[in-house]
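Student: Could we go through this one together, a bit at a time? I'd like the cut-offs spelled out as we go.

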Amino acid sequence: MGSRTKLAARVAAAIPCLALWLAALAAQAAPPPAAGIPRLVTADGRTRLEVDGRPFLIRGGELANSSAGSLAAAKAALGRLQGLNLNTVLVPVSWELCEPAEGKLDFSLVGDIVREARRDHLHVILLWFGSWKNGMSSYVPGWVKRDQKRFPRAETAAHQGVESLSAFSATNRDTDARAFAALMRTLRALDGRTHTVLMVQVENEVGTIGEASDHSALAQAAWTAVAPPEAVRALAPAGTPAGATFQQLLGAGPAAEERFQAWHHARYVDTVARAGKAEYPLPMFVNAALNAPGLAPGKYPAAGPLPHLYEIWRAGAPAIDLLAPDIYFPGFATWCELYRRPDNPLFVPEARNEEVVAVNALYAAGQQALGVSPFAIDAISPAAGAALARAYGLLGELAPALLAAGSGRTAGVLVDKDAPKSELTLGGFRLTISHDYTFPWASPARNDAVWPRGGGLVIALADDEYLVAGNGIIVTFAPAPGDPGNPMVGLERVDEGRFEGGRFVVSRRLNGDETHQGRQVRLPMGAFGLQRVKLYRYR
Ligand code: DGJ
């Protein structure tokens, strides 16, 4: 062997050792988290949350803002969740309470609450109330609030300071990021093996209130600065050359200002999330205060992770795994569909804690959401709590089937007076879902003045076999469009039942009035039922 060949052989032999050594070094820098850490996994066309290696469907509820402000308050709040069939509670963590004096970080309350939830067999999603809470900065520590020179505020166009930190201050951002990183470090020590905590929301409803953007001196300087190439890619048409300022790229007016502000919000939040993930890489998301239709930016909390700013937030905050809507407005399904995207699994961290949330939760699960979480769950009314408990009970039974199904094998449905009918193709058939009240004979309690929303979900177990779960819906079946087979579809059998230990146990066969003599599957209003349906064809 010549000397060059020998050298090459020695280098080749050393490379695996070098690789091992480099891997060992990297491991020292950031030891890999224990196996089974909660994570998002994309397979067969959908994204699931996995905990301890198993897919997990969130049956959530978010505590009211101050219900986790002390251990006693949290214990009382968790006590009120009994019987709701939740498996996850969303818990605020306030920056102000965790860092009462600069650098004096104390997460003992968070630890106590996580342990308390664990004892109650609940998982936890933490909400980092850091720089933003509903577009304001009410949760930042007093030492941040008072020192406006070091921690600058956002300002109106008239240069009036507002009760919100400026997103253009590196000090604001880095001070928040340091506290958040410490929270995640604490979580890793506290929960890195137990996995009670599933995900973390970074900030709360980031937004700018009153005007479309911050007009402080820092914001003005950024507006006239040259935009970095990644901002050009996110904000300007493809092929736009680098070198322009934000102002030149975006033009004038509230919409332009909102896009500018959204980019900087996203970059800020990305830094905070990245600092946290470097300590403990749980899935992280941001939540949006939605924009009421027809309002100008600023009249709604502007520049948050809103549907019309989706691409900007995605590009500006790659450390954020998903953007999530807080749905208080009508049109639950429409908002869900704006956030359910191939690269953005649907999660609804907040929704009205009214009775309708029960069918909305079924809908979202049918649409393969990670889960839903009514707000102020600890203050839910008895009637809404009873409905939610039944919906979540059903979801508990159905979770294995729902999570096993690939993309396009399940669907959510919602019907009410304004949209009493909807159609979809699922499995091998066309399904028409109508509100139970569409059939007057069917509901003895029919009252034209009250049309509660009907809804539920359908799972295609096979092309001719379905699970239908829900409340106040009627389902009929027809051949899928273009299907050349026999034109008529009948119900071979409809069984009411429940899942026990993963097995569907039939409680009774339905074949008379309950199916209108074989014409339809009906889940009566108020029943939150589950039926398994097998179809057949005839001429
Ligand atoms: C949305 C916020 O995210 C919550 O913290 C709470 O303020 C609710 N609004 C109140 O409706």
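Predicted model: local features only at pLDDT ≥ 70, side-chain atom pairs only at ≥ 80, totals over all residues.

Student: Is Tyr328 buried, partly exposed or exposed?
Tutor: Its relative accessible area is 26%. Buried needs a value under 20% and exposed one over 50%. Tyr328 is therefore partly exposed.

Student: How are the rings of Tyr328 and Phe375 arranged?
Tutor: Rings of Phe, Tyr and Trp (its six-membered ring) pair if their centres lie within 6.5 Å; planes under 30 degrees apart count as stacked, over 60 as edge-to-face and the rest as tilted. The whole structure has 16 aromatic pairs by that search. For Tyr328 and Phe375 the centres are 6.5 Å apart and the planes sit at 70°, so the pair is edge-to-face.

Student: How many residues apart are Tyr328 and Phe375?
Tutor: A word on labels: helices (H or I, at least four residues) and strands (E, at least two) are DSSP runs, numbered from the N terminus. Tyr328 is in the loop between β11 (322–327) and α12 (332–339), and Phe375 is in the loop between β14 (371–372) and α14 (382–404). The pair links distant parts of the chain, 47 residues apart.

Student: Which residue has its charged end over the ring of Tyr310?
Tutor: A charge sits over a ring if NZ of Lys or CZ of Arg is within 6 Å of the ring centre and within 35 degrees of the ring normal. Here the distance from the ring centre is 3.7 Å. The residue is Arg341.

Student: Is Ala376 buried or exposed?
Tutor: Ala376 belongs to the loop between β14 and α14. Its phi is positive, about 50°, although it is not a glycine. With a relative accessible area of 10%, Ala376 is buried.

Student: What is the phi of His516?
Tutor: His516 lies in the loop between β22 (503–509) and β23 (521–523). At 21% relative accessibility, His516 counts as partly exposed. Although His516 is not a glycine, its phi is positive, at about 55°.

Student: How are α13 and α14 oriented to each other?
Tutor: Axes are lines fitted to C-alpha atoms, for helices over the stretch in contact, and angles run from 0 to 180 degrees between N-to-C directions. Angles under 35 degrees count as roughly parallel, over 145 as roughly antiparallel, 65 to 115 as roughly perpendicular and the rest as oblique. The axes of α13 (residues 357–366) and α14 come within 8 Å and cross at roughly 15°. The two helices are therefore roughly parallel.

Student: How are α4 and α6 oriented to each other?
Tutor: The axes of α4 (residues 108–119) and α6 come within 11 Å. They cross at roughly 40°. That makes α4 and α6 oblique.

Student: What is the handedness of the α12 and α13 crossing?
Tutor: A crossing is left-handed if the near helix is turned anticlockwise from the far one by less than a right angle, and right-handed if clockwise. α12 and α13 pack at about 30°, with axes 11 Å apart, so they are roughly parallel to each other. The crossing of α12 past α13 is right-handed.

Student: Which residues does Ile312 touch, not counting those up to four places away in sequence?
Tutor: Ile312 is in helix α11 (residues 310–316), and at 2% relative accessibility it counts as buried. Contact means heavy atoms within 4.5 Å. By that rule Ile312 touches Ala234, Leu235, Arg259, Ala262, Trp263 and Ala266.

Student: And which residues is Ala167 in contact with, leaving aside neighbours within four places in sequence?
Tutor: Ala167 is in the loop between β8 (161–165) and α6 (170–191). Its relative accessible area is 10%, so Ala167 is buried. Its partners are Trp132, Asp214, Gln261, His264, His265 and Tyr268.

How values were computed. Residues numbered from 1 in each chain as written. Heavy atoms only, no water. Buried < 20%, exposed > 50% of the residue type's maximum accessible area, 1.4 Å probe, protein only.
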